[in-house]
Structures are given as structure tokens and as C-alpha cells.
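Subject: Structure handover

Hello,

The structure we spoke about is below. My notes follow it.

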Amino acid sequence: METEVKETQGKIFSAENPGITAPTDWQPVIMGILCNWCSYAGSDLTGTSRIQYPPNIRIIRVPCSSRVDPWFIIKSLQTTADGVLISGCHPGDCHYISGNYYARRRFLVTKKLLNFIGYHENRIQFSWVSAAEGPKFAKVVAKVTEDIKKLGPLHRYKKENF
Amino acid sequence: MARVGVFVCFCGANIAGVIDVPAVVQEAKKIKEVKISIEYKYLCSDPGQQIIREAIVQNRLTSVVVAACSPRMHEKTFRKALLDAGMNPYLLEIANIREHSSWVHQKDKKAATEKASDLIRMAVAKSIANEQLHEISVPVTKRALVIGGGIAGIQAALDIADARIPVTLVEKSPSIGGRMAQLDETFPTLDCSQCILTPKMVDVASHPYIELIPYSEVIELQGYVGNYKAKIKKKASYVDFSSCTGCGACTQKCPVKVPNEFNMNIDKRKAIYTPFPQAVPNKPVIDAEHCTMLLKGKCGICAKVCEKGSINFKMVDEVIEREIGAVVIATGYDLWDPKPYEEYGVGRYKDIITSLEFERMVSASGPTNGVPVRPSDGKVPKNVVFIKCIGSRDEAKGIEYCSKICCMYTAKHAILLHHKVPDSHAYIFYMDIRAAGKGYEEFVKRAQVETAATYLRGRVSKIYKKGDKLMVRGEDAQIGQVVEVEADLVVLATAVIAPKDNPALARLLGVSYDKYGYISEAHPKLRPVETAKAGIFLAGCTQAPKDIPDTVAQASACAAKVCGLFAGDTMKKDPMISTINNEFCSGCLNCIKVCPYQAIVTEEIPLGHGSKEIRTVAKINEGVCQGCGSCVAICRSMAISLAGFTDPQIINEIVAI
Amino acid sequence: MITLGLLEKNTFLEAVNKKSGTNVLECYQCGKCVSTCPVSGYMDFPPREIMQMIKLGLKEECYMANSMWFCLTCSACSGRCPREIDVPAVMEAIRHLAIEENYRSENKKVKDIRKFHDIFLDMIKRYGRNYELRMMAEFNIRTRNLFKDMHLAPKALLKGKIPIGHESTKSAKAIQKMYKLAEKLEKDMK
Amino acid sequence: MNKLTYFPGCSAHGTSEEFDHTLKLVMQTLDVQMEEIPDWNCCGATSAHVMTENLALALPMRNLVLAERLENKTMGIACASCYSRMKGTKKHLDENPELARRINTTVIDEGEYKGTIDIKSMLQYCYEEIGLETIKSKVTKSLSGLKVACYYGCLLTRPKDITLFDSPEYPMSMDLLMEALGAKAMEFDFKTECCGASFSISNTEVVESLSGKILEVAKESGAHLIVVACPLCQSNLDMRQPDIEKHTGRKFDLPVMYFTQLMALAFGYPEKELKLPKHIVSVEAALKHIGEAIPEPEKVKKIKKAVEAESEVE
């Protein structure tokens, strides 16, 4: 889905600004927020298995995906990241019994909101990666990176941009 | 002003082979809070830790960043190094530049180096917001609760009690003993089950550190590791155990006959009964569902014949409470009902029985005095067909897994059949013979050679009646022919399944269970006797199908875990838990709804300083909180923070790149 | 003896799985299908062995076997299979693949069965419906077994069991068109 | 009055005329109006699916399209083979809309396939839609004394996910229907074993062996006759019975009747309506048992200690 570009007083008012052309050597930054017990362990397994994936992701460790405050996502997109990946335990496998269910609901709402204000839906992604799924983590990262590369650099909501 | 030290590890060539470590060190130096940035070959080695310790003291560091392997690997090692240098260990942050950079970007050294620098920047930024944290210590109630009085529960209770720790053993039925008490002889040694079990049962009853509560169930568990509170419902037995001598006059005279569960309903018991002669406690109970006195108010013969006057028809269920520090779940297993095997005519033919029914028949104290008979006409069978994997390894009708014990007990049944009826013959349909265990393969060989049981490799497809025989049709894959066996009796080795009450019990205890209803262990390999909830352990078939030796071993392992937990007077607990600043708490109490551990309670505090009016706010129970952070993210007034993962720490990380 | 080399890509297995919509690899060789199958005794290889042969990639052996021609599609095996494999679909897949790739067994029974089906389809093409007496006769002529079932004929005819006349749908033309289009479709799909 | 779209199948106008005829009588009594699909064609059983993929779907599809035009909720099918082909095709097409669209091009002259009609075998229709109570209420001449073995064959209840009717291993619907007519349904283990239908011409050796086994077990059950719901089963078990007797040396003398024939009889239609002379194995002797009293089975001696499951007061 391509988000609609709204114009206000002649200034382009969208995160997905078609007016920006990426420099040729541009590389996106992706903020990966992973739960400690499944996805972070899974990403470690990717490492110990030496499975290669694109180097654009920066990983932050949280105890559970339910710890992820929508604020973190917004702050990432506002400051440093071109995309955010949140990953937790598979439904039913949460180390903290039910945390990932809350995370999922909270994430969906956040995504819809960000979508509404003009972010492309692929900027914010969610996945389930268990501690045993090293190869899957690499695949997820590769896919997210690919998606974000297609979208190009993020036109941020910063004062100087208005 | 923060003073951060950055230590970058080569990890031999693991990191340095891809990442330009000196460049990373230089890059780190550019961060204004970083006071020292150095590299070393192996930071986890003792000299490596020495470097960190010295640097902390010399530079009066306020936090430390180690750029090395995953924190899941060496966080504890480096925390210890900080502690040794006189620094709070929680001021450490680790930048995972091995698993997250050098190992996964081996082809792109430049990007890997840049990423490593970024990860260090993030770790430095986070560490600046780190706070000093201290381990929490929690008092311990030294009493264990064992749920289930089969061989697993008996063994766990005895081992814990032998360490002089009081045990409360709760058993659902009127007697302990469980499934093992129903068995005749046990593989692979053919020693009599009763002979080895009953002494242990008596030990349980007489042990000074064991409180045995039969005919009862756990109905509630609150609290947290070391400090649980359990509610136990004692079902009304209508017999006063303290005065009853167990003389048996009441059971003799009782006129009501009920199918005998202990004998798989082959014969009958009375409405007032002890499940079997060696029961512990050897006191009768009245089955309220069948007693005519309790149902219709007529009869009362048992009360008339009881010399001690122990019968009390007015008795009611009673709930008692126990404070305990640990729980052992040992609820055992059930057997799968083979009804879905319609092609075998299960339910239509009386001469198709289950293995446990056969087991009771061949038991010397069983309903047929140790001789197997055909339920249809009471004749002693000559040709007996045993069919394995009934419900096991059958996704279509039963369950996917292998029940583990059927291969062995079927070999045992073939041998026992031969002992009891020497001119009989056993045919065994099997798919694979799984006899992994000490002395097991030898035992199967005994069935094949000494007993000359005929093993046929194939799943039976159909059973039909011909005269008074049952025709059993299956393929013998070894000769590639379909064979039909004329059987007098067919014995189905039905699958082991989880007790149907397991999910309800698991929810009540707050532990997880798998799709079959078995209680889940914390880790399938490294923590096989613990559940994910601290202080709750599991033993025997409540986890998965097991034979007796494995069950006993696991029960003893549980006992060791319980004893370890109770070794000190207090327990240490990770300080990474939530705290609430009640000044900010608006009292919406959304946090209570999302907390998976019921660790948040309400608290009433004055509305303002010195105010007489009160308001309700949330409060964290330190002992219960596991530190997931659900409450932090849901708190709209940002009153809750999770130690080690506070909002400032994570935001610092995000903006650091 | 069969020598099993490096089975890098079992294209036969893939083709069978795709066509049948079931996964042959699920088979764990319990043999319940064999003793369930009413005609396994007549097969060169009973279903269980066919499954293993597919796993080993023994394509020609499968195509030349009579097994899939003897399968009655009674679905008794799939109803009892503990791994819920659709055995008749597998048999059908092998049969269709063998026809597509032009494998013809020299086994007399198989030839008879194929002939019967050809006549049957021919009959429908001509009349839109099946005309039993004519089919029996034609089958006997084509298999050169003129007197097969002849002893049944007088009785059956006399009792009106098998009618002599035949009917056809008005729109036999529509059926003929359908045959043509279906054939074309089959080619297009390849 | 209920309306029902009716697909008779080729054999209804051939070998199984008595089935078709009695079915129409019975439905009249039960107040069901049957509308035969105009200009229906052969469903392709049992050859089309053996040889080709598309034709095997196209032949039934034409009938389905024609049936949909009649706009009744349900289509009843007499022959079990046709039932299986049509219902299987419908399921396959409904699950693969793209394939349905493609196959539809071969019969597009007849109209567009919508997939709206519900398909039932006539046995299923009697059991599920009409109900045993209604059938019982129409019985004027009870069949008591008659012992029957109900033979369902392969395709009425199998595969389960296509037929969605009764148990594939030990179905009871026809047994209960027979009991509703007053007859006694015997315990019969080979209810759904295959009779070898599709080889009835090309491979008679197989048919004789399979049907022989069914006859043997039916005889063992003590039944006077076999009840069927499929023309192919009937012709295999009936027409080939003398041959089977000759080859096995066993005398069966088991007439094979359609369930609708027995229903018609119980509903009071005269015997001549049943077209009994069409049977190769004479039915007469078996039908003489109607009205006989069936003796209670001897009670088996109880095991010394093993006793029944219910509780009892001494």
C-alpha cells in the first residue's frame, strides 16, 4: 500500500517523501528490538551458526516484547532509524507466559497510527523468532532490509523539515 | 559527569578477523564520556579481567562497556570482575560485536566495523543511564508440597523428607501407590511390583517429616518461590481415620456393588471400600456417588457394624491451608481410550481388552486370580494377539508421539502369558521394537526366544468375528504377506496420555503445559526437572511418558532441587524488576491486568502529604515480579520503571547512533 | 540388487507429491494399507512398497508395476492411514504420470484394465451415457475372449437384468465437444 | 412437499432399474418430488479418473451445472459411485476456484458453475433429511422376523472428508433404517469392505474373490439377505453369486436387495412392484421369514468374578 501524500501550504507533509533521492552509497539503519529469551537468543544462534545477513540492523535487547513502548518505535523513526523490527517469542511460547500477546496488539495499533500519519507499513515490522530459529532470523533481517531499501531514506518529522 | 571505560575484545580471530578492532577503539575514544578505551586478546581470561579491574580503579569509572561476545555468554563473568574491583556489577553493559557483527558480516569488514562502533556507542549511551542495583533476598518457607502419590510422588517425598525437610503429600484417590500398584511384575527383571512398592508406601505413612493427605486435591496456589500458600480440599471420606482401625467389617457388609476402578472395572468393589488390600492409609472411604445412605438416606449398615463408631455420614469437604516453599508435580498418566479404532470393533467385541486390563488379570491378587480369561465366555485363551502402538504414533486417531513403555510391557505380557498359560501362544503386531534401556533388549530377546512369541511387523488393519474367534488381519512386512491370526483374546497396548486434569492444574499452579496436556519443563535438555516457574518442579509421567527407573530418577532429582532451594534461610533474586513511583501513579491499574504473575497489588496511600483522604495506587510485590516489563509499557503516567531496562536507558540506546 | 546413488533431487517424488497433493515422505511403513487393501495380493508391489519406491526415486519400476492399475480407489487405506496419507491419490498420480510419459505395461491384466477404461470412455463419448451390454460385448471382442461371462448372458438378459436397448443423451454433441476441450486443456496445462 | 433434484446414473436405466423404480415409489410415499436432471450424462465413474484428470472433472461438472439450474437445495444420487465422483469433484472444484474456472470452459455451453448445490446419496437423504421417525410412521407392513446384513460398500461413507456421512468403518444409518422398518440388522463386519466394483467386467477374478469374502461373512452373521444402496454392489454380489458358489464350493443363497425395495415393501406396495424376478438369486425364500419371531439370543455364562459394569444392589 502506498500512503497518500498530503500537502499543506505547499510543503510536503509525509514521511514517505517522493522528493528525496537517496545518495548512491546510502544504507538504511534498522533498529531491531528483540526479546531476551527467544529472538535475542535466536540472533545469537544466527551468529554461532555463521549465517550471514545484511549489516544494517542495530540490536537492542529487552526482556520481553511486551516491554516495547510505542515511544521507542516513534523515537527510532524520528531520530536514527529508517525502519524498526520488533521480534518476540512465538505466540504461546512467551517466556513471561502472555507478554507477546500484549506486544502484538500494541504493535498493531502503533503500526496503524504510524500508517495513518504517512509512514509506509513496511517501515515497522514484527516477527516471531524462537531461540532455535537462527536461519529464520537471518531471513527476517534480510527481508526487512530489502523492504526498507526499496522505500528509501526516511524523511523525518523534524522541525527543520517543515 | 559520567566516566565510561570501553574494553574491546579480539576474541582471538573471532572478532579481530573481521572487525578492525584498533579503529573501533579509536572511534570509542571520540565519545565524550569515554575516559578510557582499550583492546585485549581475550577479555574473559583472568589477565583480561585484571585489565578491566585496574582500569576501573585507576580511572574512577562510573560505568563499564565490554565489547565482546553475547551478554548471554559472559555477562556474569564481567559483572563479577566489576564486583571484584569494588564497583556495582549492574553498571556493566555489553556490546555484542561477535554474534551480532563479526560472525554474521564476515564478507563485509567495513560494515562490520562500522556496526561494531555503533553497537559500542549504544552500549556507552545506555550505561550512562545505568543505576546501581542490589540483589533482592527473599525469605523461604522450608516445606515442600508433592502433588500425586504414585511412585514419582512417593520417591520425591521420601528423598526430601530424608533431608529433614517437611513434606505435604497430596493424593487424589484414597490410597497412594498410583499406577505402579496396579502392575503385576515389572520389566526387565520381572520383580513383583507390589513387593518393591509397598515398603515405600509404608515408609511414607510412617515418616516423621511427611504429612500424607489422601483423598484430596490442591485447589489454589498463591505466592512465589519460597513463599507459596496452597489450599487443599480434603474430600469427605465419611470415615473418621483417627478412630478407624481398618478392620474391614464395613466393606464386607456393604450391600452396594460398584465397578472396581483399581481392577479396570473387571470386577466390583463396595460403596465403602479400600482400593486394594495393601492400601496406604489402610482406611476405607465411602463413595458418595453410590452409597445408598448418602443418596437416599436408607441403609447405614456400615455404621451399624463399625465397633469404633468411625462412620460419620455428616462429614463435609474441608479446605486446609499450608505454607510451602516449593512444589513437586507428580500427577502421573492416563491411558488412551481406543474407541476411535472402529475397524477393530473396539466396544463391540468383549474379547478385545487393553493392556492394563490384561495386567490386572495376570496379577496374582487380581480379579481372576492371576489367570487371563476371555471376558465373553470366561474361557482361558490360547491364542492371544497383542497389538502395539494403539493411539501412539497415530496422528489420525490418537497422538503423534511414541508412548515409550508399550514395547517393553508387551514383551512382559507375552512372557507372563506363557507363565500363566503354558500351552498358549502370543502373537505381537509391532511397527518397531523400541527397547533402549538397561537390560531391555535382552528382555525382548527373552520374549522372542524363551517364550517364542511371534513378532509380526505391521499395523493391524481389521479385526472381525468368525465363530467365537476374532480374526486379526495385518501385514507381516518381513515376508511381504497379509496374515490373519485366529485370536481368542486381543490385547491393545493403548497409548500413555497426560492426565485430563493436568491443564487445569497447570493453570492453577501458573506453569505451562504442552499441546498434549503434559507439564512443560523449563528446558528440554538442561532443566528437565524444573518448570518455567521458580520453585515448581516436575517428576514422572506428568512431563512425558516414562518407565519406572526414569521416573524414580527424576523424582530424586526433584528432591535434590528442592533441597538446594532450601539450603539457605533466604534466597537471592535478580534485581531486574519493576518498581512503581506512586507519586506518579494515577491508579488506573491497567498494570494489574497485564501482569502475568499477579505481582502487582493495590495499595492505599494519602492523597497528599499529611492528607487524610486516601487514593488507590499499584504496588509491586518484589518477590513475585519476574521483570518482563509489560506493566512499564502499559503505564500511561510513566510511573513504573524496570531496573536494567529503564526508559532513559533504551532511549539513550536509540538516539546514540 | 538396486544401487542407490546420490539422490540429489528426487524429481519423481516431487512430481507425485505435487500431483497427489499429499506428502509421500510422511509414510513410515507400518503396512496398515497393505492389509487393508482388498487387492494388495494382486499387486506387484503393495502400497507400502510403492511408497518406499517413490522415496527411492524408482520411477520406471513404479510405472511398470501393475499396482496403480489394480487400485480400486475404495479409499479404505487412506481412511485408516495413521499418517493420513491419501494413498489412492498417490496411485492415481503415478497412473497419470505413466500415461503422460507413455509407459505401457505388457501385463495382460493391466492391458485388459486399460482396454476396459478406453472402451468405457469411448462409450460415453458416443452416447453420453454408459450402455452396459454393448460395453461387455465390445470388451470381450477387444480382449479376444468372446465367451467370457457368456454363461451369465441368457439369465441376465432373460430376467431383464441387462437391457438390450440403449439410450443416449440428446446432447451427445456437447459431450464430444467437452472431450475435445478437455483434451486441449490437458495439453495446455502441460 | 419437498423437492429434490435427482441424478439416477447410467445403471438406473440399465441393471438397477428396480432401484430407480422403487426409489420413486418410496419418495412418493414420503412426499418428496423428484426432479430428474434433464439430459444428464455419465459421471465418468469408474474410468474417467483412472485415465485423465480434466475429463474426470468435466463430466461430473456438466451434471452439476445442469443440476444447479433446477434451483433445488439438494441433489440426491442413487448410485454410490456417481455420488462419490460428483461429491468429490464438487469438493475439489470448490477448493480450487482457478481450476473450476478452467474446467468450466469445457462445458460453458450449459452455463456457469456456481457450486451451490448440496449433494447427498439417497440413503443419506432418507436418513438425514427425511428422518427415521417419518419413515417409521409410513410403515404399514412391518418386516419383523427378517434378518438383514446391511452392506454399504466403499463409497457411501468414504473418504470421510468428502462424504461427511456416517462412520467409514462401521456405519449404522442403513441398519437403523432397516430397524425402523421392523427388520433386524445383524452385526456384520464387512459393511464397508470393497466388492471390487470397478473390475466387474475387466477383472472378474478379483471381484469374485472380494465379493465371495463379503458373502461369507454376511452368511456367518445369520442374515437372510443382504441390503445394499449401490447398483454396482448389487450386481457384483447378486449376478456373480452363482459363479462364486461354483468356485468356492460354498452355498450362500443370499439374495441382495436395495434398501428402497424393502422400504417399498414395508410401505405396503405389492411385491410385483419390487421387480423381484430381476434378481439372479431368488428373493422369495428370504421374504418368507417376515413375520417370524426371532428367538432371544442365549445368554453367555458369566465369568466367576467378572461382572457387568452397572452398579446393582443385591
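In chain C, 63% of the contacts with a separation of 6 or more are between residues 24 or more positions apart; two residues are in contact if their C-beta atoms, placed from the backbone, lie within 7 Å. This is a predicted model, in which local features need pLDDT of at least 70 and side-chain atom pairs count only at pLDDT 80 or more, while totals for chains, interfaces and linings use all residues. Residues are numbered from 1 along each chain as its sequence is written, and chains are lettered from A and ligands numbered from 1 in the order in which they are written.

Chain C has eleven helices and zero strands (DSSP runs numbered from the N terminus: helices are H or I, at least four residues; strands are E, at least two). Of its 190 residues, 43% are buried, meaning that 20 or more other C-beta atoms lie within 10 Å of the residue's own.

Chain B contains an open sheet of four strands with parallel pairing, in the order 2-1-3-4 (strands pair if DSSP finds at least two bridges between them). Strand 2 (34-40) and strand 4 (92-96) of chain B each have a single partner strand, so one side of each lacks a neighbour in the sheet. From one strand to the next, the twist averages 15° (axes are lines fitted to C-alpha atoms, for helices over the stretch in contact; angles run from 0 to 180 degrees between N-to-C directions).

Strand 1 (residues 4-9) and strand 3 (residues 63-68) of chain B run parallel and are joined by five bridges. Val6(B) stands opposite Val65(B). Helix 4 (residues 71-84) of chain B packs on the sheet and touches strand 3 and strand 4 of chain B.

Regards

Note on methods
Buried ≥ 20, exposed ≤ 12 C-beta atoms within 10 Å, placed from the backbone.
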